[in-house]
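The exercises below are meant to be worked through with the sequence and the three-dimensional view side by side. Each one sets a task and then gives a solution in steps.

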Amino acid sequence: KRHLFWETQPVGKYQDDAGEGPIEPAQPVSEVRQEPYNLPSTYEWSTCDLADEHTMKEVYTLLTNNYVEDDDNMFRFDYSVSFLRWALTLPGYFPSWHIGVRAKTSKKLVAFITGIPAKIRTHDTVVPMAEINFLCVHKKLRSKRLAPVLIKEVTRRVHLEDMWQAAYTAGVVLPTPIATCQYWHRPLNPKKLIDVGFSRLAPRMTMSRTIKLYRLPEEPATPGFRPMERRDVVAVTKLLQTYLAQFQVAPHFSEDDVEYLLLPIDNVINSFVVENSETHEITDFASFYTLPSTIIGNKNYSLLKAAYSYYNVATSMPLLQLMNDALVIAKQRGYDVFNALDVMQNESFLKELKFGPGDGQLHYYLYNYRLRAPLKPTEMGLVLL
Ligand SMILES: COc1cccc(CC(=N)NC(=O)c2cccnc2OC2CCNCC2)c1
């Protein structure tokens with residue numbers, strides 16, 4: 001399929017002969033285009049100040065009504081205001097990278113795209129990158145070729161901050177995935193999932209048999225499994241840095257990153273540690289983020305409460321046991337389903353903990369950075385929100 005826009009971007013093929021690294025060289029910031037790209041005449045750029053409650057509410061409303069749906073258009077991501085604030089206003093973020101498009105007359109927010117700064121390690125090189133996310137065009141403005149303009153504008157604003165690489169994911173295939181991952185789902189409330197059409201009753205299975213199949217203990221099995229606290233930041237950072245070192249692409253987390261990104265926030269990020277009762281050593285870490293989905297057009301339910309596996313490190317037990325404890329807590333806290341990608345070492349627990357394969361794939365991309373070869377999911381250590 002011809003990609004009129006993507007063929008103009010540095011997202012090219014692999015080149016195992018050439019080294020790994022930027023496809024195009026950085027430019028002097030003074031040479032970066034100073035003026036915003038052109039929009040259709042009735043629309044205007046509008047940088048969204050997410051510290052402002054009203055603007056944040058406008059962003060929430062645009063996304064909850066117009067963001068990503070599953071392939072059967074039965075569910076749509078419903079990122080909460082507190083989640084968006086957490087995900088997008090991290091220390092060192094650039095307000096100018098929260099880009100909106102408004103209709104000139106009504107001032108209605110009709111499109112959005114974001115970037116946040118991150119340090120991503122690819123093999124042995126730590127590269128400052130922009131993580132691009134939340135590209136959204138109002139349903140009524142689709143196929144007006146707005147998405148390419150939003151992408152060019154966020155790229156321009158990233159360049160203005162002297163940053164020349166980016167990372168993003170998508171459910172669609174574009175030039176040129178660096179990894180293609182499968183997503184998996186572990187039912188926690190199988191009856192609701194079947195009622196809303198997320199899951200189907202397996203052949204020759206009754207509902208009561210299905211409920212029994214997915215039943216979980218009331219409490220985690222591991223003594224010392226508890227919510228992460230600020231005092232755990234140093235130990236968790238060490239655990240994560242050591243664990244993530246094995247993957248070809250992974251975030252390069254500092255203690256400040258861990259403190260901001262992984263300390264628990266109700267209904268946003270859930271994180272846990274295992275503390276050895278004798279040595280008080282932190283030996284394991286588990287985390288999942290909260291991303292509900294609107295259930296489109298179901299008469300009994302309006303919201304699917306989903307947990308998404310984030311970063312997990314087990315050193316004192318099999319990852320399987322740690323993840324089972326995470327499932328137990330997610331069930332306790334009222335989640336309907338626990339989702340995971342087959343990245344990192346997740347394959348080691350997916351089948352055994354009764355995850356079922358999802359009906360789609362998530363593709364990872366790098367902008368202006370060539371790898372020698374695509375990665376296997378087990379070589380991918382980056383989880384985007
Ligand atoms: C259940 O409600 C849905 C609402 C919209 C889309 C999908 C399917 C889908 N596209 N799922 C994923 O992309 C996905 C499945 C498992 C884990 N992470 C995921 O995506 C994350 C990471 C990328 N940004 C969205 C959230 C499901």
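A salt bridge is counted here when a side-chain nitrogen of Lys or Arg lies within 4 Å of a carboxyl oxygen of Asp or Glu. The model is a predicted one, in which local features need pLDDT of at least 70 and side-chain atom pairs count only at pLDDT 80 or more, whereas totals for chains, interfaces and linings use all residues. Residues are numbered from 1 along each chain as its sequence is written, and side-chain values use heavy atoms, with hydrogens and water left out.

**Exercise 1. Salt bridges**

Task: State how many salt bridges a search of the whole structure finds, and describe the one between K192 and D336.

Solution. Step one: the search of the whole structure finds 18 salt bridges. Step two: in the bridge between K192 and D336, the closest N and O atoms are 2.8 Å apart. Step three: K192 lies in helix α4 (residues 190–195) and D336 in the loop between α8 (319–332) and β16, so this pair ties together parts that are 144 residues apart in sequence. Helices here are DSSP runs of H or I with at least four residues, and strands are runs of E with at least two, numbered from the N terminus. Step four: K192, at 10% relative accessibility, counts as buried, and D336 is buried with a relative accessible area of 4%. Buried means under 20% relative accessible area, exposed means over 50%, and partly exposed is in between, with a 1.4 Å probe and protein chains only.

**Exercise 2. Strand β16 and its partners**

Task: Decide in which sense β7 and β14 pair with β16, and explain why β16 is described as largely enclosed.

Solution. Step one: two strands pair if DSSP finds at least two bridges between them. Step two: strand β7 (residues 179–187) pairs with β16 in the antiparallel sense over 5 bridges, and P187 has V337 as its bridge partner. Step three: strand β14 (residues 306–309) pairs with β16 in the parallel sense over 3 bridges, and there V337 is the bridge partner of A306. Step four: 5 of the 5 residues of β16 (residues 337–341) are buried, so the strand is largely enclosed by the rest of the structure. Step five: V337, N339 and L341 point one way from β16, F338 and A340 point the other way, and all are buried.

**Exercise 3. An open sheet**

Task: Give the strand order of the open sheet that contains β12, and identify the strands at its edges.

Solution. Step one: the open sheet has 3 strands in the order β2-β12-β13, with antiparallel pairing. Step two: β2 (75–77) and β13 (303–304) stand at the edges, each with a single partner strand, so one side of each is left without a neighbour in the sheet. Step three: strand β12 (residues 293–295) is joined to β13 by 2 bridges, and S293 has L304 as its bridge partner in β13.
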